[in-house]
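Please look over the sequence and the structure shown here. The paragraphs that follow lead through the fold from the whole chain down to one residue.

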Amino acid sequence: MERRLKAELWDKMHYLFRDYNDRMVHVELHYDFDLNVDAFKTVLACFFEKAPVFHSSFTDNHISPYWVVKDYNIDEVVEVNDVDEEDLEHKINAFLCQCLPPEGDLQMKVLILRHSGKTTVCIIENHMCMDGGDFKSFLKTFCKNYNDYVENGVSPLDLRTGSRSYKSVYKDFSKADSKAAQNLYKNLSVKDKYDRRFPFKESSDEDYSFIARRKISAEKFPMIKAAGKKRGATINDMLTAAYFYSLYELAGFNPSEPATISCAIDLRRHMKDVSDTGYTNQTSWMQCRIPELGRDIFETLQYVVRSSNMFKQDKFMGLYGLPLLSLGYRIMPHAASEEIIKIGYSNPLLAMSNIGVLEVDKLALEGHEPTEGFMSGAVKYKPFVLLSATSMRNEMTLSMCVRGSDEDKQTVNRFFDLMEKNIDLLIADEMKTE
Amino acid sequence: MKKVLDFIDEAFTRIPETDRSYKFKMQLINEVTERANELTHRGIKDENVIEDLIISEHSDIKSEFDSVVRKEKLAKRRKHIVALNILGTVAFCLITVIAFFVHLFKVDNGLSWIILVAGAFALSVYYTFVACNKFRKKRGVLFHITTRLQLAFSIMLAFALAFFIMLFKFSIIHSWVMFPAGAVAVLICDGLFAHFSHQRFAVFMYLLYIPLAAAVIYVILAVIGVVSWQAGWLLIPAALAVDAVIVAVRLIIGKKDNEEVEDDSEWNAD
């Protein structure tokens, strides 16, 4: 008899997002040694056994969708190739830009590329299974288990398992707060009347998926931090301000008109302990709105700080609308609820996800820390865009995954140029001091 | 597999030796052997890892055994209930038919058919209850909609039966008021159900049901002459006033709840 898993609220929501993105989360890690492929496969197979959603197929049942656990062989999950240095980038991009259909048997795939005594690990996974926050945690646990297995022969079974329900987010609230949070029916996903869009070309048949990235040198990271601290801003605020400023410049928005960028927030901030929950999605959006561009980037930063502080003061930050979504999915058959939710839900046109630090010590394999790497969100379909930011050893990687043309790629690269320029403006004082 | 088998043997020292436990142990051994083959097929080559993985999946064999025994007992009980339902239905039908004939031949006042109708009503109510209960267990539907429908159906059946008895046994002219009265009873019971099962939107039901019920009660009372048509309509504004009071009370309670939430400074301290 087939084994079925419940499709949780976020699974359904990310399935609904199929109209906006390819739902893949990407990670790329470079190591300066030949890793033990057999051990890698063993650890991953154990994780697949502990979290069967990764080898399940999503069934879009019109009444109530579900996952069906499928058989697999770890060799179908992990592909190992020996490549020349010059082919490396091409292979990485080809792998990362593919899309795993949720109806397929596998929701995660890994590519291990061995080249000149080094190893590059690329992983893609379906966002329906887990978000960037949990993916980071998954990777860290993976590395720990791999090391324990290779170095001490400990079986790699130490993976979090438990409920994947969105309701886990309420578990650490007081009774009164939990009740209040579960009554937040307000729909915060309101369409912006200014309809600010990234200046892409119209969609065409020649569009393809690409991941554009830009590295911000490690020396600048502490400067961003220090400059932000001076102005009461977080790194996220600094990046958002640069994002706004670059966008106004790139798209030629009227500087006296407002704009909104949705920033991903990790709802696990409301949870004190996640050790008893399974890998899942717990992400929501915070709308960062500026009333106008501002006379200079510092005024833009002020607007951003004001907007994000307003959100942060709310103890139920990010929890609005969850009960409404849940109600929508409960009272109607899935096919109907999808249509109704689509009417009420407005996918952010401009978004940013600060995935945060990829801690090299926790991602080390056999004592070798990754030399470089990044993580990024799904490939967005035009006109939607998501700027992902990760940092490793203070080197920040900005990435944008887009389905577009070569011209769009150039536009994204121009945007990154502007981002760099505007970040430099923000940290100009710090650079002078250096 | 020695490690797993040893683990199973060790676990079974805490389970009393019975035929059932022996059967369970054999099933478990088959299951873990199959699982080991499956894991090998999936690409795990290290036998130690396979064994540890299997052991982690059966960390509490005693609870597994208890759960299997419990499930078997439950399945047996379900079978008994089905058999009891069938036997009970047959017996009930027999008794009803016998009662019908006894009444027909002994009393013969032309109303013996009521016994058959009442019997059929009782069976309908019971089986609606059984069917709804089964459906409800399968899937939690908002407001326990099936239970509410079952409740409404049963109430209407009871009032329909009362209508027949009042009309044919006592020849009451206004017997038909049992139908609107049934509707009022449905509204009241549905409201009470929502209240006692702590439905989130129960208050909206009270707000809707109270004026509706008041309007129907007004018609019933006016028809049977308890209140005059001219004065009775006051029941409706009275019901709306009750609604207003409910809204006010809810707002006060809601405000108090919000204040309590805001006062909870522990969270803010984080």
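## A walk through the model

Among contacts in chain A between residues at least 6 apart in sequence, 76% join residues at least 24 apart; two residues are in contact if their C-beta atoms, placed from the backbone, lie within 7 Å. This is a predicted model, in which local features need pLDDT of at least 70 and side-chain atom pairs count only at pLDDT 80 or more, while totals for chains, interfaces and linings use all residues. Residues are numbered from 1 along each chain as its sequence is written, and chains are lettered from A and ligands numbered from 1 in the order in which they are written.

Chain A holds 13 helices and 15 strands. Helices (H or I, at least four residues) and strands (E, at least two) are DSSP runs, numbered from the N terminus. The radius of gyration of chain A is 22 Å, close to the 22 Å that the globule rule gives for 434 residues, so chain A is as compact as a globular protein of that length. That radius is taken over C-alpha atoms, and the globule rule is 2.2 Å times the number of residues to the power 0.38. Along its principal axes the C-alpha trace of chain A spans about 60 × 55 × 50 Å. Of the 434 residues, 45% count as buried. A residue is buried if 20 or more other C-beta atoms lie within 10 Å of its own, exposed if 12 or fewer, and partly exposed in between, with C-beta atoms placed from the backbone.

Now to the sheets. Strands of a sheet pair through backbone hydrogen bonds, either parallel or antiparallel. Here two strands count as paired if DSSP finds at least two bridges between them. One open sheet of chain A has five strands in the order β5-β6-β7-β2-β12, with mixed pairing. β5 (78-82) and β12 (372-376) of chain A stand at its edges with a single partner strand each, so one side of each has no neighbour in the sheet. Neighbouring strands of this sheet are turned by 10° against each other on average, direction ignored. Axes are lines fitted to C-alpha atoms, for helices over the stretch in contact, and angles run from 0 to 180 degrees between N-to-C directions. β5(A) pairs with β6 (residues 108-115) of chain A in the parallel sense over five bridges, and A:V78 stands opposite A:V110 in β6(A).

Helices lie against this sheet. α2(A) packs on the sheet and touches β5 and β6 of chain A, its direction making about 165° with that of β5(A). Helix α4 (residues 85-96) of chain A lies across β2 (24-31), β5, β6 and β7 (118-126) of chain A, and runs at about 10° to β7(A).

Another open sheet of chain A has three strands in the order β1-β4-β3, paired antiparallel. Its edges are β1 (4-6) and β3 (56-59) of chain A, each with a single partner strand, so one side of each is left without a neighbour. Here neighbouring strands are turned by 30° against each other on average, direction ignored. Four bridges join β3(A) to β4 (residues 66-69) of chain A, where A:S57 stands opposite A:V68.

How much of strand β14 (residues 385-392) of chain A is buried? Eight of its eight residues are. In a regular strand the side chains alternate between the two faces of the sheet. A:V385, A:L387, A:A389 and A:S391 point one way from β14(A), and A:L386, A:S388, A:T390 and A:M392 point the other way. Seven bridges join β14(A) in parallel to β11 (residues 350-357) of chain A, with A:M352 opposite A:L387. Six bridges join β14(A) to the antiparallel β15 (residues 395-404) of chain A, with A:S388 opposite A:S399. The hairpin of β14(A) and β15(A) has two residues between the strands, and A:R393 takes a positive phi near 50° there.

A:I211 lies in strand β8 (residues 208-216) of chain A. A:I211 is buried, with 20 other C-beta atoms within 10 Å. Its contacts, leaving aside neighbours within four places in sequence, include A:H26, A:N93, A:S376 and A:S399. A:I211 and A:S376 are 165 residues apart in sequence but 8.6 Å apart in space, C-alpha to C-alpha.

Finally, chain B. 19 residues of chain A are in contact with 18 residues of chain B. On the chain A side, α2(A) gives the most, with six residues.
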